[in-house]
Amino acid sequence: HPRTEAERETLRIYRENPARFGHDPEDPLARPLWDVAMAHLEELASEVRADGCELIVACFPTHLQVRRAMAGLAESEERFRRLFDEAPIASTVWEKRDEGLVCVGFNRAAGELTGGMATKLVGRTVDELFADQPEVLSFVREALHVTHSLQRELEVRSPADGKLRRIEIKLSPIGERMLLGHLNDVTGLRAAEDRVRRAAQFESLILATTANLMGLPLEHLDQGIERVLELTCEFLGADLARVGIFDERAGHMTVIHQWCGEASRVRFDAGELEARTFPWETARLAQGEEIVIRRLDDFPEEDRAGRQ
């Protein structure tokens with residue numbers, strides 16, 4: 001309700017060019033406030049002095065800025081939530097509570113990593129989830145008392161199939177009560193690296209074996225064969241190797257060469273081993289089958305001599 005020419009000019013500029021007063025009426029966030037303010041401007045102006053018009057104009061952008069800030073914050077939060085959910089690296093969020101460090105969220109990649117079992121992690125503490133994995137618990141507790149990110153590669157039991165997998169874990173603090181965890185399953189990568197390493201070792205074994213036997217005088221052949229057995233044991237991680245001649249009709253096997261490491265508690269002199277002492281092995285060898293024993297459980301119950 002301007003009373004002077006200056007006041008009328010101010011109101012005219014305000015209506016024609018509101019951007020000069022800190023907001024744009026075409027902004028969808030500002031439009032409702034703009035309409036309400038313009039509808040009641042005459043009524044409000046009549047209840048205050050002429051300088052009250054300046055008060056209204058000054059307050060109006062302040063409310064708008066608050067709404068814009070709140071809307072921008074909500075938009076930013078949604079954007080970061082979407083980025084978190086769509087990130088290709090499996091991620092989990094943990095919160096420090098009275099009962100311990102509790103899982104409060106995870107993204108899509110974490111769901112895939114756990115075979116869809118990530119939902120069962122939410123609401124549970126690390127002590128519940130990794131009670132039988134002290135290395136994991138120790139690492140998490142260490143991360144709670146530092147202000148920087150920690151990274152470690154650990155064997156973690158998968159909640160999907162219960163198998164141990166090599167997981168590269170990075171834990172980053174968020175404030176004083178939150179932890180962000182990034183998980184990368186490197187089981188396949190480590191297996192591939194191990195296969196490459198074993199292939200290189202096997203190639204070295206073949207080269208060393210060839211170099212050891214080529215041009216060896218006959219009188220040194222026995223020592224050369226035992227050296228090959230030693231190299232083979234080093235490659236396999238074994239501490240006993242034998243070369244024998246199996247005679248099914250005679251019922252015995254003659255050990256002609258052997259190598260025994262210092263750690264081995266099984267020592268036999270080279271010579272004849274009665275086949276009846278090892279009936280299970282004898283039967284397999286008579287059929288031309290390969291025998292592979294990696295654990296004591298691989299021996300059948302009837303082969304007590306083999307277990308001993």
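Trainee: What do the buried residues of H6 pack against?

Mentor: In this predicted model, the buried residues of H6 pack against S2, H5, S3, S4 and strand S5 (178–185).

Trainee: Which residues of H6 are called buried?

Mentor: Val136, Leu137, Phe139, Val140 and Ala143. Buried means under 20% relative accessible area.

Trainee: Why is it said that the buried residues of H6 line one face of the helix?

Mentor: Seen down the axis of H6, the buried residues fall within an arc of 165 degrees, so one face of the helix holds them. On the other side of H6, Pro134 and Glu135 are exposed, and exposed means over 50%.

Trainee: What makes up the largest nonpolar core?

Mentor: That core has 20 residues, and Trp94, Val126, Phe130, Val156 and Ile169 have the most contacts inside it. At least two residues of this core come from each of strand S2 (100–106), helix H5 (126–129), helix H6 (134–143), strand S3 (150–157) and strand S4 (164–174). H6 gives the largest share, five residues.

Trainee: Which residues does tryptophan 94 touch, not counting residues up to four places away in sequence?

Mentor: With that exclusion, tryptophan 94 touches residues including Leu101, Val102, Cys103, Val104, Val126 and Leu129. Contact here means heavy atoms within 4.5 Å.

Trainee: Why is histidine 257 called buried?

Mentor: Its relative accessibility is 8% and the cut-off is under 20%; histidine 257 therefore counts as buried. Histidine 257 lies in strand S7 (residues 252–260). Leaving out residues up to four places away in sequence, histidine 257 touches Asp222, Ile225, Glu226, Leu229, Ala241, Arg242 and Val243.

Key. Residues numbered from 1 in each chain as written. Predicted model: local features only at pLDDT ≥ 70, side-chain atom pairs only at ≥ 80, totals over all residues. Heavy atoms only, no water. Helix = DSSP H or I, 4+ residues; strand = E, 2+ residues; numbered from the N terminus. Buried < 20%, exposed > 50% of the residue type's maximum accessible area, 1.4 Å probe, protein only. Core = buried A, V, L, I, M, F, W, Y, C linked by side-chain atoms within 4.5 Å. Arc of directions from axis to C-beta.
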